[in-house]
Amino acid sequence: MKNRTKTAIVAVTIAASLASAAQAAGKLEIFSWWSGDEGPALAALVKLYSAKYPSVAVDNATVTGGAGTNAKAVLKTRMLGGDPPDSFQAHAGQELTGTWVVADRMEDLSGLYKSEAWAAKFPKAVIDLISYKGGIYSVPVDVHRSNVMWYQPATLKKYGVSAPTSWAQFITTCSKLKAAGMATPMVMGENWTQQMIWESVAVGVLGPKGWNDLFTGKTKFTDPRVVGTFTTYGKVLDCANKDASGLSWQQATDRMLAGQAAFNIMGDWAAGYLTTTKKLKAGTDFGWAASPSTNGTFIMLADSFGLPKGAKNKTEVMNWLKLLGSKEGQDAFNPLKG
């Protein structure tokens, strides 16, 4: 009887220990739209996090769709339903500030920035973009340049053209390429990529100050110069493929690589795709330049992660955010992301 009692006590003790260990293990759900060709960069961060915190189970939750179109719809349902992910991807700026920050659904991370001394490490313009009423609400894991024009040196050589440096030259070059038999000198993809190209056109026509004035209200959308951006954009679209809305940005890039188009305007994340997925050599297999009329201008966007109020695993999220903002984390992620 005593032996049975001892056995029962031991069994209960082991069960309690296992339950305690399970509780201590921790979880972390990372919600993003990075999958497929962009997946390896995020996987590198998850691998690094898991090495530092091996007892934490990481749920790398992704909702596929270019620029997060589908992920944002799922996120809205979860946030409004009181079931926020532990940490989710958002573009720095109004995409986060104008939605979940103003709605008081995000934690202020100012204390984290102070403890990690990040104010002196991130560019002030980036910190300003993720700040609201004195608080800082996300941690950027990258800073991308969207105004990049990609091409194959061999294709340009074949048709006897060079990378245009202005929109006027771009339109002239497209006419030359069409006359030589290239039906679509520029290839582009789904809707968000088309909107991004308009941004490059608008910045090229208005200049950085004119662009900023447009969004502070100093310049009206009815201003003749702003109307002129759409006129130029229409001429640029005449150089492009008509089936753009049915292509992902990768598929559009593939057409440029196949020589079906001479130019593809896409953010510098394309470099990650070209070198990591396609195994191509920069400068030889593909070339790049600033999109026309924007040389010397950096149209910036950044992917960032924050801490939603009500997140179930706050400690794990804070460790995740620390990793994102660290040199080690940035160096693991950005070469793969482009």
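Me: What makes Ser166 partly exposed?

Reply: The relative accessibility of Ser166 is 24%. Buried means under 20% relative accessible area, exposed means over 50%, and partly exposed is in between, with a 1.4 Å probe and protein chains only. Ser166 therefore counts as partly exposed. Please keep in mind that this is a predicted model, where local features need pLDDT of at least 70, side-chain atom pairs count only at pLDDT 80 or more, and totals for chains, interfaces and linings use all residues. Residues are numbered from 1 along each chain as its sequence is written, and side-chain values use heavy atoms, with hydrogens and water left out.

Me: Where does Ser166 lie, and what is it in contact with?

Reply: Ser166 belongs to the loop between α7 and α8. Helices (H or I, at least four residues) and strands (E, at least two) are DSSP runs, numbered from the N terminus. Leaving aside neighbours within four places in sequence, Ser166 is in contact with Pro292 and Ser293, where contact means heavy atoms within 4.5 Å. Val201 is 35 residues from Ser166 along the chain, and their C-alpha atoms are separated by 9.7 Å.

Me: Why is Asn319 called buried?

Reply: Asn319 has a relative accessible area of 17%, which is under the 20% limit, so it is buried. This residue sits in helix α13, residues 314–325. Its contacts, leaving aside neighbours within four places in sequence, are with Tyr49 and Tyr53.

Me: And what makes Ala117 partly exposed?

Reply: The relative accessibility of Ala117 is 40%, so it counts as partly exposed. You will find Ala117 in the loop between α5 and α6 (124–129). Its phi is near 55°, a positive value in a residue other than glycine. Asp104 is another residue to look at: its phi is near 60°, also positive in a residue other than glycine. Asp104 is in the loop between α4 (94–101) and α5 (110–115).

Me: How do you know what span to expect for helix α8?

Reply: The expected span of a helix is 1.5 Å times one less than its number of residues. Helix α8 (residues 167–179) has 13 residues, and 18 Å is expected. From first C-alpha to last, α8 reaches 18 Å, close to that expectation. Just after α8 comes Gly181, with a positive phi of about 110°.

Me: Which residues of α8 are buried, and how do you know whether they share a side?

Reply: Trp167, Phe170, Thr173, Cys174 and Leu177 are the buried residues of α8. They cover an arc of only 110° around the axis, which puts them on the same side of α8. That arc is the one of the directions from the helix axis to the C-beta atoms. An α-helix has 3.6 residues a turn, so residues three or four places apart point the same way.

Me: What do the buried residues of α8 pack against, and what is on the face turned away?

Reply: They pack against β8 (148–151), α7 (153–159), α9 (191–216), α10 (224–237) and β9 (264–265). The face turned away from the buried side carries the exposed residues Ala168, Thr172 and Ala179.

Me: How much of the whole chain is buried?

Reply: Of its 338 residues, 46% count as buried. The chain has 14 helices and 12 strands, and its C-alpha atoms fill a box of roughly 95 × 45 × 35 Å along the principal axes.
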